[in-house]
Amino acid sequence: LPACRDSKLFIKDLHFDEVPVRIYLPKAPSASKRRGVIFFHGGCGIFGSIRCCERICRYIARKSDSVVVSVGYRLSPEYKYPTQTLDCLNTTVHFLKTAENYGVDPGRVIVCGDSAGGTFTATVCQELVNRRDLPKIRAQVLIYPFLQALNFNLPSHQKNAFTAFLSRERAVRFILMYLGKDCSMKEAVLAGSHVPESMNLKYSKWINPELIPEVFKVGYKPPLPTSFLPHVHEETKELLKTRLSPLLAEDAVVCCLPDTCIITCQHDVLRDDGLLYKQRLEDNNVKVSWYHVEEGFH
């Protein structure tokens, strides 16, 4: 669908490195270069579009007087993983290189996304950490992001297992669909049988119910131990790569990340992903702003 008209914004449909984008530019003149916001929509890499986030992108552009770029990354299964992450990465690089063409200060570019868009945001920021040929991302905004596929038995997974829209079971099924994997492995992944004990031990310092504040653990019961299934691990190795699970990135990467805003919701299976990433960033001296929506849901 074409962009709608807006009295305060110029709205254009363009392509950045062959990826469709919709750019929202404030009409009012500015005495200096504006900030830029790159927005990745949610939908687990298989749903959503530029059109679905039209309202939020207009709102951000108008209220913050920023140039907003909404990215129409290609969707799975038509375009196999990791096409979605690469589209987000390539459009970000393109915008950083050409920001001044749109009246944007390349040193004031923010990357933002909701749900899987938050995953892409975290991944893009991590992958750009060592790029010396580009301006640094100024900040990242993660709106109820998915950040790890190691443990689906955290307190928020238990508490919100059957919450409408994004249940625990549906979250894992969508991830397997996104990766083009057999959804019959869903129960094994939910149980944690896809993770070897050595990896559980290695990452327990970062992904552990003990790291969740007590106020969010009311009623939590540790799950029963499960057996490791090597064939499931072999089929789902991508789940444990940082491109899909940015919470597993090493401290050497995390400590170089930009200022971060994390938004979590109480009634959300992914709530604890955001809480754990907040802790990791703070432990690595990254400035974090955290906003928790007490009655919010995914």
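Helices, of at least four residues, and strands, of at least two, are here DSSP runs numbered from the N terminus. The model is predicted.

**Backbone features in loops**

Tyr144 sits in the loop that joins strand 6 (139-143) to helix 4 (155-159). Although Tyr144 is not a glycine, its phi is positive, at about 30°. Asp17, also other than glycine, has a positive phi near 50°. The loop holding Asp17 runs between strand 1 (9-16) and strand 2 (19-26). Asp17 is partly exposed, its relative accessible area being 48%.

**Helix 2 against helix 3**

Two packed helices are described by the angle between their axes and by the distance between those axes. For helix 2 (residues 83-98) and helix 3 (residues 116-127), the axes come within 10 Å and cross at roughly 60°. Helix 2 is therefore oblique to helix 3. The crossing of helix 2 past helix 3 is right-handed.

On the helix 2 side, the contact is made by Gln84, Thr85, Cys88, Leu89 and Thr92; on the helix 3 side, by Phe120, Thr123, Val124 and Glu127. The residues of this contact comprise 4 nonpolar, 4 polar and 1 charged.

Technical notes:
Residues numbered from 1 in each chain as written. Predicted model: local features only at pLDDT ≥ 70, side-chain atom pairs only at ≥ 80, totals over all residues. Heavy atoms only, no water. Axes fitted to C-alpha atoms, helices over the stretch in contact; angles between N-to-C directions. Parallel < 35°, antiparallel > 145°, perpendicular 65-115°, else oblique. Left-handed = near helix turned anticlockwise from the far one by under 90°. Contact = heavy atoms within 4.5 Å. Nonpolar A, V, L, I, M, F, W, Y, C, P; charged D, E, K, R; others polar. Buried < 20%, exposed > 50% of the residue type's maximum accessible area, 1.4 Å probe, protein only.
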